[in-house]
Amino acid sequence: MTIRGVLFDFSGTLFRLEFTDPGLPHDDESVRVQRIMLSMTAAIGPREPLPIHDHPDWARRDLDPDIHRRVYTEAFRQAGITEALVEPAYRRVLDPVSWTSYPDTEAALRRLHDADVPVAVVSNIAWDIRPIFDQAGITDLVTEFTLSYVEGSMKPDEKLFRVACDRLGVEPADALMIGDSVAADGGAATLGCAVEIVPPIPTGERPDALLSALAKHGL
C-alpha cells in the first residue's frame with residue numbers, strides 16, 4: 001500500500017492543551033481549572049464526569065461554537081469554579097498559547113511536505129485552530145483543515161474523513177489517519193484508510209510517535 005495523503009487529528013496528536021502560564025491566579029482553584037480543561041479535551045471523554053456530560057448539548061459541542069462555549073462554561077460552574085474565573089478559563093481553552101506542539105510535530109509535517117505528500121488536519125473542534133498552527137510557524141505545511149464545526153459532522157462519522165481525502169485528491173485506500181483515539185479517529189478505517197493511534201500523553205513524554213507512525217508506512 002502506497003500512502004499518498006496523510007490525515008492528522010489535532011488535540012492529543014499534533015498539539016496538547018498544556019500551559020505554564022494559564023493567565024489565572026496561581027492557587028488551588030487555578031490548578032483545578034487546568035485539570036478540568038484537560039479532562040474535557042480528552043479524546044475518550046471526560047476523566048472528571050460532571051452533570052453537563054449527560055446533557056444533549058455535550059454530544060454536539062464540537063458542531064457549534066455557541067454550544068461549545070455554553071457547555072464548557074457550565075462545566076466549570078458545576079465543578080465549583082468561582083464565577084469570576086469561568087470566562088477567563090474558557091478563553092484559555094481557545095488561546096493559541098495554551099496549546100503545545102509535540103516535539104516531532106513540525107518534523108513530521110515537514111517530512112511529508114518535502115515528499116509532496118498532502119496533509120489534512122481532521123478535528124472535532126468548535127473553533128478555528130489555524131492560529132495555533134500560525135503561532136507554531138507550521139500552517140504552510142498543512143494542505144487542508146477539515147473541522148467538525150465547519151462541516152457539520154463529527155468523527156467517527158466517515159464524512160469528515162471522506163471530505164478530507166476528497167480535498168487532498170487521494171482515495172481513502174491511499175490515505176493514512178494518525179490520531180489518538182480508536183473510537184474517533186479509528187472511524188477512518190471504515191473508508192479503507194490505514195490508521196495509526198498515538199498516545200495523548202504530555203508532550204515531553206512522547207518525543208517521536210508521529211515520525212514512527214509515518215516510518216511504519218514508508219514515509
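**Exercise 1.** Leaving aside its neighbours within four places in sequence, with which residues is Phe 76 in contact?

*Solution.* The model is predicted, so local features need pLDDT of at least 70 and side-chain atom pairs count only at pLDDT 80 or more, whereas totals for chains, interfaces and linings use all residues. Residues are numbered from 1 along each chain as its sequence is written, and side-chain values use heavy atoms, without hydrogens and water.

Step 1. Contact means heavy atoms within 4.5 Å.

Step 2. With neighbours within four places set aside, Phe 76 touches Val 33, Ile 36, Met 37, Ile 81, Val 86, Ala 89 and Tyr 90.

Step 3. Phe 76 is also listed among the residues with the most contacts inside the largest nonpolar core, which has 52 residues. Such a core is a set of buried Ala, Val, Leu, Ile, Met, Phe, Trp, Tyr and Cys residues joined through side-chain atoms within 4.5 Å; buried means under 20% relative accessible area (1.4 Å probe, protein chains only). A second, separate core of 14 residues includes Leu 160 and Cys 193.

**Exercise 2.** Determine how strand 4 and strand 5 are arranged.

*Solution.* Step 1. Strands are DSSP runs of E with at least two residues, and helices are runs of H or I with at least four, numbered from the N terminus.

Step 1. Strand 4 (residues 119-123) pairs with strand 5 in the parallel sense over four bridges; pairing requires at least two DSSP bridges. Val 121 stands opposite Phe 145 in strand 5.

Step 2. In a regular strand, side chains alternate between the two faces of the sheet. From strand 5 (residues 144-147), Glu 144 and Thr 146 point one way, Phe 145 and Leu 147 the other, and all are buried.

**Exercise 3.** Classify the ring pair of Phe 133 and Phe 145, and explain why it has this class.

*Solution.* Step 1. Rings of Phe, Tyr and Trp (its six-membered ring) pair if their centres lie within 6.5 Å; planes under 30 degrees apart are stacked, over 60 edge-to-face, and the rest tilted.

Step 1. Trp 99 counts as buried because its relative accessibility is 5%.

Step 2. The centres of Phe 133 and Phe 145 are 5.0 Å apart and the planes lie at 80 degrees, so the pair is edge-to-face. Phe 133 lies in helix 6 and Phe 145 in strand 5, so the pair ties together parts 12 residues apart in sequence.

Notes:
Buried < 20%, exposed > 50% of the residue type's maximum accessible area, 1.4 Å probe, protein only.
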